[in-house]
Amino acid sequence: MLNLNSSDSNINSNSNSLSDPVSLNVGGEIYTTTLDTLTRYRDSMLGAMFTGQISTLRDKRGNVFIDRDGKVFRYILNFLRFSFLDLPDGFSEMRLLRREADFFQIRPLLDEIQRHVEAGALSLRNAPRRALLLVDVDCQVRVLHFNLRRAPENYELRTCSVCILTAEIFCTWRTFLVLLCERFSYRTTQGLTSPLPSDQRYNRLKLEWVPRPDELPQDQYEKQRYRGLVISDSWATQTHLGDLCDAIIPRRSPCEVKDMHRFLEELLTVSLAEGFRVDSVTPDSMDVLNCHTLQLVR
């Protein structure tokens, strides 16, 4: 295990002989900073790299090379400098920033990102006056045949019905899709993963998942490479303006989205909170939770 709490003398004794200023090449972007900034959090990946506990690479020009996304690294570097996450209005790369902060294991930055997400900082600043949200949902029921192992050489043929749920979402407000990618997660054998917009302009998002029926064993579910959808758990940080103190309020643990009703309930909760209103529902305008197509505007 790395000793990430080494003294300052370890920096100077590093075989790479790093000294100020430090020039970094992060994914092709060049940054200049100081050792104090890079080692502000000793228990982070950067802290380990620049206290000599993890070897560093250099490019042809002598810059310390880090093979990560260079564009969002500027926000990480600014946070290390000022202990404050300063993002531009309409910032739409929060998922990428969270991934990079997680890679560098900067816990205070991850906490600050979560505060931004929970406070609605992504959506409420400079929100467009008008936006269109279109949602098409579908449920396909299929019969699955599988072998249930009773003994080493004893198998029993079983069948069950599985529901393949699909939601195709289009929104002219790209930041809103970022919020949805933060709210929903896929549950896979590797853990929870965030969905990604399905086009380069971040206007479309397609979600496809299969809730596990009770009669389908977990190993058979995983064998089919199915994945579930959950509403991600979070810890909300709310600021009380009266006394300017922060209170950490626990919220729900990951909640399985077992049917389209639950998905639409959550989608409506998020969209209505962001200023959308229901414009049209197909086929029955009086039964929104059983709709096939939903249109919202703001």
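A residue counts as buried when its relative accessible area is under 20%. In this predicted model, Trp209 has a relative accessible area of 1%, so Trp209 is buried. Phe263 counts as buried too, at 0% relative accessibility.

These two residues also meet as a ring pair. Their ring centres lie 5.5 Å apart with the planes at 45 degrees, so the pair is tilted. Trp209 belongs to strand β9 (residues 204-209) and Phe263 to helix α10, so the contact ties together parts that are 54 residues apart in sequence.

## Other aromatic pairs

The structure holds 10 aromatic pairs. One of them joins Trp173 and Phe276: with 6.1 Å between the ring centres and 35 degrees between the planes, this pair is tilted. It links distant parts of the chain, 103 residues apart. Trp173 sits in the loop between β6 (154-171) and α8 (174-183), while Phe276 sits in the loop between α10 (260-273) and β14 (277-282). Both Trp173 and Phe276 are buried.

Have a look, too, at the cluster that ring pairs form from Tyr31, Phe73, Phe103 and Phe104.

## Charges over rings

Elsewhere, the charged end of Arg227 sits over the ring of Tyr186, at 3.6 Å from its centre.

## One face of helix α5

Helix α5 spans residues 94-103, and its buried residues are Met94, Leu96, Leu97, Glu100 and Ala101. Viewed down the axis of α5, these buried residues fall within an arc of 160 degrees, so they line one face of the helix. Just after α5, Gln105 takes a positive phi of about 60 degrees.

Terms used: Residues are numbered from 1 along each chain as its sequence is written. This is a predicted model: local features need pLDDT of at least 70, side-chain atom pairs count only at pLDDT 80 or more; totals for chains, interfaces and linings use all residues. Side-chain values use heavy atoms; hydrogens and water are left out. Buried means under 20% relative accessible area, exposed over 50%, partly exposed in between (1.4 Å probe, protein chains only). Helices (H or I, at least four residues) and strands (E, at least two) are DSSP runs, numbered from the N terminus. The arc is that of the directions from the helix axis to the C-beta atoms. Rings of Phe, Tyr and Trp (its six-membered ring) pair if their centres lie within 6.5 Å; planes under 30 degrees apart count as stacked, over 60 as edge-to-face and the rest as tilted. A charge sits over a ring if NZ of Lys or CZ of Arg is within 6 Å of the ring centre and within 35 degrees of the ring normal.
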